[in-house]
Amino acid sequence: MSRRGLAAVASVLDQAASSATNILVLVLAARLSSVSGFAAFSMVYVTFSVLLGLNMAYVGQTVVLEKAEERLGPVCRSAVAFTGAGAAAAGLVLAAVGALLPGAVGTAFLALGCVLPLVLLQDGLRYCFSALRAPQRALAADALRLVCVVAALAVQPAGASAARLVLVWGVSALPALLLGLWLLHPSVRGARADLRPYVRRGHLGQRFVVEFAVGNGSSQLAVLGLGAFATPLAVGALRGATTLFGPLNVLFNSASAFAPPVLGRLPGKRAVVRATLALGLALGTLGAGVAATLYALPDRWGRQLLGDTWPAAASLLPATGAQYAVMGLGTCALLTLRVLAPKATLSLQVVFSLLSVAFLLAGYAAWGVTGAAWGLALGSALKAAAAWWRVSRLPSTSPALAA
């Protein structure tokens with residue numbers, strides 16, 4: 001296998017390790033916690049997911065776009081320094097918020113504030129390794145992270161509080177963080193950190209933050225809002241259901257990351273659309289198959305996966321399964337636009353992500369958490385339909401391909 005092929009395999013395995021970490025953390029937390037405890041843990045984890053996505057958009061995406069070899073060292077050192085400073089500031093805010101909130105949710109947010117710099121820094125190193133074209137180093141650190149967090153959570157007692165689980169999850173990132181910094185050091189030795197580009201007006205990350213906020217963060221915040229203004233149990237049920245579809249997220253992310261260079265070499269719009277439509281149908285069918293398999297699981301097997309959260313999550317499987325089936329189609333439609341008309345995706349993300357939030361909240365108001373899950377599914381279906389309609393309106397000769 002060529003060096004490029006090995007790098008692609010390492011990148012896919014790294015994404016798989018990162019996704020497996022998120023899945024197993026939620027599964028273990030669900031099995032160890034009561035229903036209310038997992039609801040509190042889920043609210044904290046959704047908050048972390050939003051902050052992780054913001055850091056990826058503002059820092060990570062700009063790092064991987066750097067092409068000048070001589071600038072990679074300073075850029076990576078600056079990214080690590082800015083992530084550390086930003087995570088420390090955000091951690092202080094979360095700790096203050098947690099101190100003001102009552103009960104288990106408050107102490108869990110306080111715990112997140114304490115460990116946020118560790119987990120954000122550890123995750124942010126993968127973008128430096130990607131820019132340095134060394135995905136095998138990211139894989140080594142993320143594999144160690146996976147082993148440490150599973151081992152640490154597996155020895156926690158049943159009924160452990162959400163705050164305890166958050167602290168254990170966060171501190172277990174320390175070995176992987178130290179390994180990642182050690183692997184990064186030779187590439188940044190002698191480089192100076194410069195944080196000024198990150199605070200200047202017009203920084204490229206500001207555009208990426210907007211896309212993340214409307215494409216992913218809006219739905220995460222809406223789910224979090226259900227816990228803040230309705231009931232934390234809704235967050236636990238929704239989070240538990242989506243956790244079961246975690247392996248599909250690996251496929252969606254891998255398709256988005258590695259398909260554009262391949263599609264860009266295809267001869268014309270028709271060939272690109274044919275390839276992405278076939279991929280979308282395959283991913284959609286797989287999503288429906290996973291949903292059917294999970295729905296058919298015996299109750300005792302489901303409880304082995306999610307503990308006491310299983311009954312609430314199982315009731316959402318038809319809606320969440322439908323959402324992931326259409327997400328496969330939608331992901332490939334947006335992938336098609338990224339290759340053929342890159343500027344066409346932002347407006348779609350803004351309009352239909354906000355619609356998804358509206359459907360989620362309206363569904364919850366009308367039919368409870370089941371209505372919220374079907375609201376998310378409807379939003380994903382409309383986004384997929386609109387994206388494929390936009391693809392159909394593209395000219396036969398795409399400027400992006402012609403370039």
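Reader: Which helix gives the largest share of the lining of the second largest cavity?

Author: Helix 4 does, with five residues. This is a predicted model, where local features need pLDDT of at least 70 and side-chain atom pairs count only at pLDDT 80 or more, while totals for chains, interfaces and linings use all residues. Residues are numbered from 1 along each chain as its sequence is written, and side-chain values use heavy atoms, leaving out hydrogens and water. Helices are DSSP runs of H or I with at least four residues, numbered from the N terminus.

Reader: What makes a space a cavity, and how many are there?

Author: On a 1 Å grid over the protein atoms alone, a cavity is a set of points where a 1.4 Å probe fits but cannot get out. Two cavities of 30 Å³ or more turn up in a search of the whole structure.

Reader: Which residues are closest to the centre of the largest cavity?

Author: They are Thr21, Asn22, Gln122, Asp123 and Arg145, out of 14 lining residues. A lining residue has an atom within 4 Å of a point.

Reader: How do you know which classes line the second largest cavity?

Author: Ala, Val, Leu, Ile, Met, Phe, Trp, Tyr, Cys and Pro count as nonpolar, Asp, Glu, Lys and Arg as charged, and the others, Gly among them, as polar. The lining of the second largest cavity, about 70 Å³ in volume, has eight nonpolar, four polar and no charged residues. Val59 and Gly60 are among its lining residues.

Reader: What makes a space a pocket instead?

Author: A pocket is an open set with protein on both sides within 12 Å along at least five of seven lines. The second largest pocket has about 230 Å³, and its lining includes Glu66, Arg71 and His203. Helix 3 contributes the most to that lining, three residues.

Reader: Why are helix 15 and helix 16 called roughly parallel?

Author: Axes are lines fitted to C-alpha atoms over the stretch in contact, with angles from 0 to 180 degrees between N-to-C directions. Helix 15 (residues 317–340) and helix 16 (residues 345–392) pack at about 20°, their axes 8 Å apart. Angles under 35 degrees count as roughly parallel, over 145 as roughly antiparallel, 65 to 115 as roughly perpendicular and the rest as oblique. Helix 15 and helix 16 are therefore roughly parallel.

Notes
Points joined across faces, edges and corners; volume = space filled by probe spheres on them. Helix = DSSP H or I, 4+ residues; strand = E, 2+ residues; numbered from the N terminus.
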